[in-house]
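I opened my notebook to jot down a few things worth looking up here. Come along and check them with me as you turn the view.

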Amino acid sequence: VNAFDLAIVGAGPAGMAAAITAAEAGLRVVVFDEQREPGGQIYRSIETVRATRPAHLSIFGDDYARGAPLVQRFRAASIDYRPATQVWSVGAEGRVFYRAQSGTGAIEAKQIIIATGAMERPFPVPGWTLPGVLTCGAAQTALKSAGLVPEGRIVLAGSGPLLLLLAVQLVRAGVRPTAILETSFNALGALKHALGFFSAPAYVAKGLSLLRERKRSGMQIYKAVRALEIAGDERVRGITFESGGVRRELPADLVLLHHGVVPNGNLAWSNRLEHVWDEGQRCFKPKLDRWGRSSLERVFVAGDSGGIVGAIACEHSGRLAALAAATACGRISEHERDRRAASTRFQYRQHIAARPFLDALYRPSRRWLAPRDAQTIVCRCEEVTAAAIRKVASEHDCPGPNQLKAFMRCGMGPCQGRLCGLTVVELLAESRGVSPAEIGYYRIRSPIKPVSVGELAELDLPDPVN
Amino acid sequence: VCFDCLMRIDGVPNVQGCLVQVCEGMRIERQLGTREIEP
C-alpha cells in the first residue's frame, strides 16, 4: 500500500489550501477528488473556463476568478492529486479506500483531512421531484462545467446568497428569470447579528451590488412566499404560491430551488465522528477543536464540511488543519505551528464574523424545514411522504431516524439519506416536540459511494499496519 | 449527492450521470423506475 503523511478528501478551497500548506511543510500529501479538475463547487471547472471560454468569467464574477491562483498553486505544489476519484471509506486506522476509472484501491495515511464541502439543503415541496425542477446549485454547475444556459421560462424559489447570485449570473449569461419567489428574508431576526456582518465590509459591498444588479434587471420578485406547489405531470408546467395574501400561478419550464447549504457530511458521519446540532445553521456539524481536529485523533474536518463558513474562511480552516497535521506528523514544532497559524486564524475569524447575520437573514422557517403538505415526498429514493413519516412518528412512537428506516425504508436508497436526512430529523423533532439535537441523525455506514462486488473483489487488501 | 441521475452508460448500469463527461460514441440510456441488479 502507498503510505502518506496526509490524505485529503476534496479539492475545493479547504482541501486545496490544506494540501498546499502541508506540502510546504514537507508532508507527503495525497488529495482525492470526485471532479475531473480542482476547484470544488465554488471554483468548479475554472481551468477549463479560463482556457476554453474566458468570456464566461464575467458571468461568474470576481469571487469565481479568485480561485484561479489557488488552483495554480495547488497544481504547482508537490501533491499526489487523484482527480475523478471517489473515496468510499475512511477507516479509523488511517486507511482510505477509493474508486476510479482505473479500479479500486486503498492507501494509508497518518493524518486525514475531510474537506467534502457543502451540499444544498433539501427543499421538499409538492412537485419537487418532477423533471424540470433543479436546485440553483445544479443550474450553476451546468453553467460552470459546460457553459449550459437554461432556456424557457425560469422561476427561482427559496432563499440564500446562492439564489441571489445565480439570478444575477443568469442575467449576465443572457437569460432573465421570469420571477424570484422569496421564501425567507428575516431582516428583523438578522439585526442582532448586524455588527459582525458590517465588520466584514467586503460582504456588505458584495451583497448590495448583487441586489442592485438584480433590481436593474427588472426581474419580478415576490416576497414572503408561502404554500409553494410545483405543478406538472410528465414535467414541470408551472408553480403556484401565496404572496401578499394572494394566491398566484406562474407558468414555468424550469424551477430552480434553493434553501441554503449544509455540510456534506456522509464521510464524517460514517467515521462516527461526534457531531453537534448548530441551531443557527439548522444542521448537524462535526465537533471540532480550534484546528479542525475531530473526536478521532487523526481525523480533521476542514471547510464547509465542518459547518458552513464560506469559501475564503474554508481556505483558512484548511491551512489550520494542515498545520496541526504537520505537527502531528512531527514535521513542525507546536511553536512553529502557532507562529504560522496566527495570521490565518485572524483572517478566519474576520470572515466567519459575517456568517451569523447571513444565517439568520436567510434561515428557512419551520414550515419549509418540516413540510406540512401531506403528499410531499421527503425521501426521494424510496418515495416516502411527509404524512407517512408523521404517522409513524406519532402512532408508533418512533424515537429516531434509524428506527424510521425499519418502518418505511426512508433514507435507505442510493443517496444514503443525503436528501432526506435533515427533513426527517425536523419532522421527528416537531412531532415529538424536542430539539433535533435529541433526535440525532441516520447512522451512516461506508461504503458511502456505490461500489460493486466486482470492485471489492479486485481490491488488493493489505494487512493492517499498526 | 442526490443519485437521481443514475443511468446506463456504455452498458454499465447505475452510473451517476452527473459525474461523467459526455464523449463521442458514448451509449447512454435512461433508467426508469427502481434501479435493478442484473443477474
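A crossing of two helices is called right-handed if the near helix is turned clockwise from the far one by less than a right angle, and left-handed if anticlockwise. I keep that at hand for the first entry, and I note that the model is predicted.

Entry: a helix pair in chain A.
I looked up how α1(A) and α12(A) cross, and the crossing is right-handed. Two packed helices are described by the angle between their axes and the distance between the axes. Which residues of α1(A) meet α12(A)? I listed A:Pro13, A:Ala14, A:Ala17, A:Ala18, A:Thr21 and A:Ala22. Their partners in α12(A) include A:Ala311, A:Cys314, A:Gly318 and A:Leu323. Sorted by class, this contact has 9 nonpolar, 2 polar and 2 charged residues.

Entry: where chain A touches chain B.
I found 15 residues of chain A and 9 residues of chain B in the contact. The area buried between the two chains is about 1000 Å², and carbon and sulfur atoms give 56% of it. On the side of chain A, A:Arg36, A:Pro414 and A:Leu419 supply 37% of the area that this chain buries against chain B, more than any other three residues.
How many salt bridges cross the interface of chain A and chain B? I found 1. The side chains of B:Asp4 and A:Arg380 meet in a salt bridge, at 2.6 Å from N to O. I also noted 3 residue pairs in polar contact across the interface. By class, the side of chain A that touches chain B has 6 nonpolar, 3 polar and 6 charged residues.

Most residues other than glycine have a negative phi, and most peptide bonds are trans. I marked the peptide bond from A:Ser446 to A:Pro447, which is cis, with omega near 5°. A:Pro447 sits in the loop between α19 (436-439) and α20 (453-458) of chain A. I also marked A:Ala84, whose phi is positive, near 50°. A:Ala84 lies in the loop between β3 (80-82) and β4 (85-90) of chain A.

Technical notes
Residues numbered from 1 in each chain as written. Chains lettered and ligands numbered in written order. Predicted model: local features only at pLDDT ≥ 70, side-chain atom pairs only at ≥ 80, totals over all residues. Heavy atoms only, no water. Contact = heavy atoms within 4.5 Å. Buried area = accessible area lost by both parts, 1.4 Å probe. Salt bridge = Lys/Arg side-chain N within 4 Å of Asp/Glu carboxyl O. Polar contact = N/O pair within 3.5 Å; in protein donor to acceptor, adjacent residues only side chain to side chain. Nonpolar A, V, L, I, M, F, W, Y, C, P; charged D, E, K, R; others polar. Helix = DSSP H or I, 4+ residues; strand = E, 2+ residues; numbered from the N terminus.
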